[in-house]
Amino acid sequence: MKRIVLIIALFFGVSACKVNPFTGQKTLNFYPNSQIFPMAFAQYDQFLGENNVVKGTTEAHMITRVGQRISSAAERWLSANGHPGYLNDYKWEYNLVKDETVNAWCMPGGKIVFYTGILPICNGETGVAVVMGHEVAHALADHGAQRMSAGTLQQLGAVAGNIAIQDPQKRNMFNQAYGIGSQLGAMLPFSRSHETEADRIGLQIMAIAGYNPYEAAELWKRMKAQSGGQAPPEFMSTHPSNDTRINNLTVWAPEAAAEAAKFGVTSFK
């Protein structure tokens, strides 16, 4: 049994090589688009059927307009940097859902939802572009598939430990330590790295789409004010702290503006 577990782990390690086009780095990802996209599309349709989708309003049209500009900018960047056809399997869709939750998300393959609760913090189209760029970046960088891959390896490690440790008391101790250790030491940092990567990619894409990247830090200042300082310590969170994001976005804004200039975009909305 131990040998089988090791063989499975070796297979995953060898097959988990997919390059992130934005960073040039290999990523942990052994779920192909052909497998994960249909699941995401089905879940998205189910979600829309169970929630109050806003149609025909000025705000709903704005979500679609910004989404189309952001996804078009992503396609321009990818084509210009040697990745034509990267988005062929993506089926972009942008929906506004009536819900006071301060959130937005993008499923693998380009299925996006904004909740009405986040719109006051966005404070207009540029703020929506900041959030949209970030969420689209998650989909472009295959973060959903990477999280699934990491979760599979986490489970595999637990199985291997339980097989190797025969003593019930020691096995219980292992399970407690492994659960906490793998979460704090691997899964949460992995998630925070995705959020940081999406912030940086999203900032460049929104700038190429013609939106002011210097406004991204301002949005997160509003987000910080809205939270009232109620947030767990960064090392216990799936996301970087508001202050970390504000600092990063402030530093990266000139870089994003310079990237946009390569595409002829020298002024912003």
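# Helices, cores and salt bridges in a predicted model

Tutor: Start with the contacts, meaning heavy atoms within 4.5 Å. Residues 24 or more positions apart account for 71% of the protein's contacts with a separation of 6 or more. This is a predicted model, where local features need pLDDT of at least 70, side-chain atom pairs count only at pLDDT 80 or more, and totals for chains, interfaces and linings use all residues. Residues are numbered from 1 along each chain as its sequence is written, and side-chain values use heavy atoms, with hydrogens and water left out.

Student: OK. How many helices and strands are in the secondary structure?

Tutor: Nine helices and six strands. Both are DSSP runs, numbered from the N terminus: helices are H or I with at least four residues, strands are E with at least two.

Student: And how much of the protein is buried?

Tutor: Buried residues make up 46% of the 269 residues. Buried means under 20% relative accessible area, exposed means over 50%, and partly exposed is in between, using a 1.4 Å probe and protein chains only.

Student: Which residues touch the most other members in the largest nonpolar core?

Tutor: Ile-70, Phe-114, Met-132 and Leu-140, out of 58 residues in that core. A nonpolar core is a set of buried Ala, Val, Leu, Ile, Met, Phe, Trp, Tyr and Cys residues joined through side-chain atoms within 4.5 Å.

Student: What is Leu-140 in contact with?

Tutor: Leave aside its neighbours within four places in sequence. Then Leu-140 contacts Phe-22, Ala-74, Leu-78, Tyr-86, Leu-87, Tyr-90, Trp-92 and Ile-205. There is also a second, separate core of nine residues, with Phe-47, Leu-48, Val-97 and Met-107 among them.

Student: New topic. How many salt bridges does the count come to?

Tutor: Eight. The rule asks for a side-chain nitrogen of Lys or Arg within 4 Å of a carboxyl oxygen of Asp or Glu. Side chains of opposite charge can pair when their charged atoms come close. One of the bridges joins Arg-65 and Glu-125, with the closest N and O atoms 2.8 Å apart.

Student: Where do Arg-65 and Glu-125 lie?

Tutor: Arg-65 is in helix α3 (residues 58–80) and Glu-125 is in helix α5 (residues 125–140), so the pair ties together parts 60 residues apart in sequence. Arg-65 is partly exposed, at 36% relative accessible area. Glu-125 is buried, at 17%.

Student: Which residue does Glu-93 meet in a salt bridge?

Tutor: Lys-111, at 3.0 Å from N to O. This pair links distant parts of the chain, with Glu-93 in strand β4 (residues 93–97) and Lys-111 in strand β6 (residues 111–115), 18 residues apart. Glu-93 is partly exposed, at 24% relative accessible area. Lys-111 is buried, at 8%.

Student: What about Lys-262, buried or exposed?

Tutor: Exposed, with a relative accessible area of 62%. Lys-262 forms a salt bridge with Glu-259, whose closest atom pair with it, N and O, is 3.1 Å apart. Glu-259 is buried, at 12%. There is a network of salt bridges too, linking Glu-195, Asp-199 and Arg-245.

Student: Now helix packing. At what angle do α8 and α9 pack?

Tutor: About 170°, with axes 8 Å apart, for α8 (residues 216–227) and α9 (residues 242–261). That makes α8 roughly antiparallel to α9. The contact residues divide into six nonpolar, three polar and four charged. Here Ala, Val, Leu, Ile, Met, Phe, Trp, Tyr, Cys and Pro count as nonpolar, Asp, Glu, Lys and Arg as charged, and the others, Gly among them, as polar.

Student: How do you get an axis and an angle?

Tutor: Axes are lines fitted to C-alpha atoms, for helices over the stretch in contact, and angles run from 0 to 180 degrees between N-to-C directions. Under 35 degrees counts as roughly parallel, over 145 as roughly antiparallel, 65 to 115 as roughly perpendicular, and the rest as oblique.

Student: What about the angle between α5 and α8?

Tutor: About 90°, with axes 9 Å apart. The two helices are therefore roughly perpendicular. Gly-127, Val-130 and Val-131 of α5 make the contact with Ala-216, Leu-219 and Arg-222 of α8.

Student: Last one. Where is Asn-123 found?

Tutor: In the loop between α4 (119–122) and α5. Asn-123 is exposed, at 57% relative accessibility. Its phi is positive, about 60°, although Asn-123 is not a glycine.
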